[in-house]
Amino acid sequence: MPYRVATVEEVRNLTRDIKMYTLSINETFNSDPGQYVMVWVPGVGEIPISLSLVDGETFCLVIARKGKVTSYIHENIKEGDKLYLRGPYGNGFKLQGGKALIVGGGYGVAPLLFLARELARRYVRSDVVLGFRSKEHAILISEFEEYADRLVVSTDDGSLGVRGTAVDVARQLVDRNIYATLYTCGKEQMMYKLVELALNRGIKTQASLERLIKCGIGICGSCVLEPLGLRVCRDGPVFDGETLLKTVDFGRFWHDSTGKPIPIEEVK
Ligand SMILES: Cc1cc2nc3c(=O)[nH]c(=O)nc-3n(C[C@H](O)[C@H](O)[C@H](O)COP(=O)(O)OP(=O)(O)OC[C@H]3O[C@@H](n4cnc5c(N)ncnc54)[C@H](O)[C@@H]3O)c2cc1C
Ligand code: FES
């Protein structure tokens, strides 16, 4: 797929280390919530970033400063600049009927905003739980308020919303027995607990995973989930919970660029 050139229309600081970029492109951007684009910065590198909202020729990316490419973008890409993109790629969330519970953590809430809007557009009602480390790390709350029936924010230190984790809040909500599907994106240990919790209660789950994505089109093998051989770039990044629990990697291992498994809690 050839690269497309997108123009940065707006840059918004969401927190000290997270920015939202609104971009425009000269064609309609057909995509589903949960899909991602490969963002290429010539001379710096190429990284996968989820679409956090798409409207015709305009779309938003929420980018957290983590390392080489993300720091370069934060420090150098301004309104009027260009970014090169491949995609959208991957399989996104499958929109189901029945009431939804959406649970996100950290910058993982970004693709869930697109999902919440698409569910609302199809008249599927959703409750949303957003978990952050503290008030300083909280993002996109007023945006989610537009689409959620009920929005609960949790912080580890209690500086905003409920004190505790998003899993603590979700545990109480699923006891109400009203949800057909739980959608999640965020830290994998969080998603693992949510998938177990939901499946035990007979609720379908879909979780969006991160792995080292290089090619984005299923040929390099760097994003594989063992032993099923699923590729996060192409078969995912969104998978259903039953499938994920059949892998040894979900919630446990990430593979580095040499293929070596790394315990997930050690991944930065
Ligand atoms: C499907 C998908 C969607 C994503 N969506 C978002 C998003 O919406 N917003 C956001 O801020 N981040 C998102 N990420 C994570 C983002 O791609 C990485 O944080 C980014 O690649 C780090 O690049 P870097 O050069 O700044 O960091 P580096 O200096 O290269 O490394 C820092 C850490 O980032 C991770 N990383 C590095 N390269 C990759 C890569 N190619 N693929 C995945 N992880 C990598 C590794 O854990 C590494 O230890 C997504 C990742 C995937 C797989
Ligand atoms: S990134 Fe190459 S196979 Fe998935």
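The model discussed here is predicted.

Q: Which residues come nearest to ligand 1?
A: Happy to start with the ligand's surroundings. There are 22 residues around ligand 1. Those that come nearest are Pro48, Val62, Ala64, Thr70 and Ile213.

Q: Which element supplies the largest share of the shell around ligand 1?
A: Strand 4 (45–50), strand 6 (58–64) and helix 1 (68–76) each give at least two residues to this shell. The largest share is 4 residues, and it comes from strand 4.

Q: How much of ligand 1 does the protein bury?
A: A nitrogen atom of ligand 1 lies 2.7 Å from a backbone N or O atom of valine 62, and an oxygen atom of the ligand lies 3.0 Å from a backbone N or O atom of lysine 68. Glutamate 210 has a polar side-chain atom 3.4 Å from a nitrogen atom of the ligand. Taken alone, ligand 1 exposes 860 Å², and of that the protein buries 84%.

Q: How many residues of the shell around ligand 1 are nonpolar?
A: The shell includes 3 polar and 5 charged residues. The nonpolar residues number 14.

Q: Which residues lie nearest the centre of the second largest pocket?
A: This pocket has a volume of about 160 Å³. Strand 13 (204–208), strand 16 (238–240) and helix 6 (241–245) each supply at least two residues of its lining. Of the 14 lining residues, those nearest the centre are Lys94, Thr205, Gln206, Phe239 and Asp240.

Technical notes: Residues numbered from 1 in each chain as written. Chains lettered and ligands numbered in written order. Predicted model: local features only at pLDDT ≥ 70, side-chain atom pairs only at ≥ 80, totals over all residues. Heavy atoms only, no water. 1 Å grid on protein atoms, 1.4 Å probe; cavity = no way out; pocket = protein on both sides within 12 Å on 5 of 7 lines; lining within 4 Å. Points joined across faces, edges and corners; volume = space filled by probe spheres on them. Near = heavy atom within 4 Å. Polar contact = N/O pair within 3.5 Å; in protein donor to acceptor, adjacent residues only side chain to side chain. Areas by Shrake-Rupley, 256 points an atom, 1.4 Å probe, with all protein chains shown as cover. Nonpolar A, V, L, I, M, F, W, Y, C, P; charged D, E, K, R; others polar.
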